[in-house]
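The following report describes how selected side chains are packed and paired in one model. Please keep the sequence and the coordinates at hand while reading.

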Amino acid sequence: MRVALLGATTGMGRALARLLAQRGERIFLLEHVPEQMERSARDLESRGAPIPVKTAVCDLLRPESFGPALDAAEKELGGLDLVVVTAGLMGTQQQLEEDSQLTERMLLVNFTNTVLFCEEVRRRLLAGGGGTLCAFSSVAGERGRKPVILYGAAKAGLSRYLEGLDHKFRELGLKTICVKPGFVKTGMTAGLKPPPFAGEPQEVAQRVLRAIDRGTPEIYAPPMWRWVMLVIRNLPRFVMRKIGF
């Protein structure tokens, strides 16, 4: 496959990129920090990705970077079969409530500009006859909850957008995969107390890769979160007001 990855230099994105490299997929990295991209490119080459792994600067805070970055990926790879979006911005509810500028950046990165990037990808994949768009949302968007009001709102919007894309465009050849991670032990969650069923990036990446191969439109990772969120979605509102989860 010809694969472009946005946000694959850390965490779950890096783990997924390494699995793709080990399979010998042709990879192009998109990231806003050139030094991180170059280190990741050399790492992926050492793990089996066809040499060279090229890169382009793509910043979710700068929508004007989307088109040129995807142009570079298409030119280098001769087209695109798969685009993966794992980039995002995290903030605790308290941090976001106290810092309106951080909230603005988080909303832009996690919803508005991610959607704009995905729209650019959608047009290109459909023009090329189809392909797969895999984007990471979150279980935080499953229901309004006290600890993740603002972050969860952005992810809820992203999840609904990806679901709508799948409904409208799958029959035209665009497979859309929405990944809903629960708590995963990455740099983004460092300092937060993990629940008993917290996941590891490698196991999440393996699950995501299976979903990509099968074209599964929605997955929870680790899988336990599907059942956790089923319960949460069905709790009465008066219960939700009392609990801290």
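Does Val-115, judged by its relative accessibility, count as buried or exposed? At 14% relative accessibility, Val-115 counts as buried, where buried means under 20% relative accessible area, exposed means over 50%, and partly exposed covers the range in between, with a 1.4 Å probe and protein chains only. The model is predicted, and therefore local features need pLDDT of at least 70 and side-chain atom pairs count only at pLDDT 80 or more, whereas totals for chains, interfaces and linings use all residues. Residues are numbered from 1 along each chain as its sequence is written, and side-chain values use heavy atoms, with hydrogens and water left out.

Val-115 is placed in helix H5; helices (H or I, at least four residues) and strands (E, at least two) are DSSP runs numbered from the N terminus. When neighbours within four places in sequence are left aside, Val-115 is in contact with Leu-158 and Tyr-161, contact meaning heavy atoms within 4.5 Å. From Val-115 to Gly-199 the C-alpha to C-alpha separation is 26 Å, and the two residues are 84 residues apart in sequence.

Leu-165, which has its place in helix H6, is buried with a relative accessible area of 5%. Its contacts, again leaving aside neighbours within four places in sequence, are with Glu-119, Arg-122, Leu-133, Arg-170 and Thr-176. The C-alpha atoms of Leu-165 and Arg-42 are separated by 34 Å, and these residues are 123 residues apart along the chain.

**Nonpolar cores and a surface patch**

In soluble globular proteins, nonpolar side chains tend to be buried together. A nonpolar core is here a set of buried Ala, Val, Leu, Ile, Met, Phe, Trp, Tyr and Cys residues joined through side-chain atoms within 4.5 Å. The largest such core has 31 residues, and those with the most contacts inside it are Leu-5, Ile-27, Cys-134 and Val-208. Helix H1 (residues 11-22) contributes the largest share of this core, namely seven residues. Apart from it lies another core, of 30 residues, which includes Leu-30, Ala-73, Leu-125 and Phe-169. Val-208, with neighbours within four places in sequence left aside, is in contact with Leu-16, Cys-134, Phe-136, Val-179 and Ile-219.

Met-224 has its place in helix H8 (residues 224-234) and is partly exposed, with a relative accessible area of 41%.

**Charged and polar pairs**

Side chains of opposite charge can pair when their charged atoms come close. The structure holds 19 salt bridges, each being a side-chain nitrogen of Lys or Arg within 4 Å of a carboxyl oxygen of Asp or Glu. The table gives some of them.

| Glu-76 | Lys-54 | 3.7 Å |

Glu-76 counts as partly exposed at 30% relative accessibility, and Lys-54 counts as partly exposed at 36%. Glu-64 counts as exposed at 53% relative accessibility, while Arg-62 is partly exposed with a relative accessible area of 36%.

Glu-120 and Arg-124 both lie in helix H5 (residues 100-127), four residues apart, which is about one turn of the helix. Arg-124 is buried, with a relative accessible area of 14%. Salt bridges that share partners join Asp-71, Glu-74, Glu-120, Arg-123 and Arg-124 into one network.

Glu-142 lies in the loop between strand S5 (131-136) and helix H6 (149-169), and Glu-142 is buried, with a relative accessible area of 12%. Polar contacts join its side chain to that of Lys-180 at 2.8 Å and to that of Tyr-220 at 2.6 Å; a polar contact is a pair of N or O atoms within 3.5 Å, and within protein one must be able to donate a hydrogen and the other to accept it, while residues adjacent in sequence count only if both atoms are side-chain atoms. Not counting residues up to four places away in sequence, Glu-142 touches Lys-180, Tyr-220, Met-229 and Arg-233.
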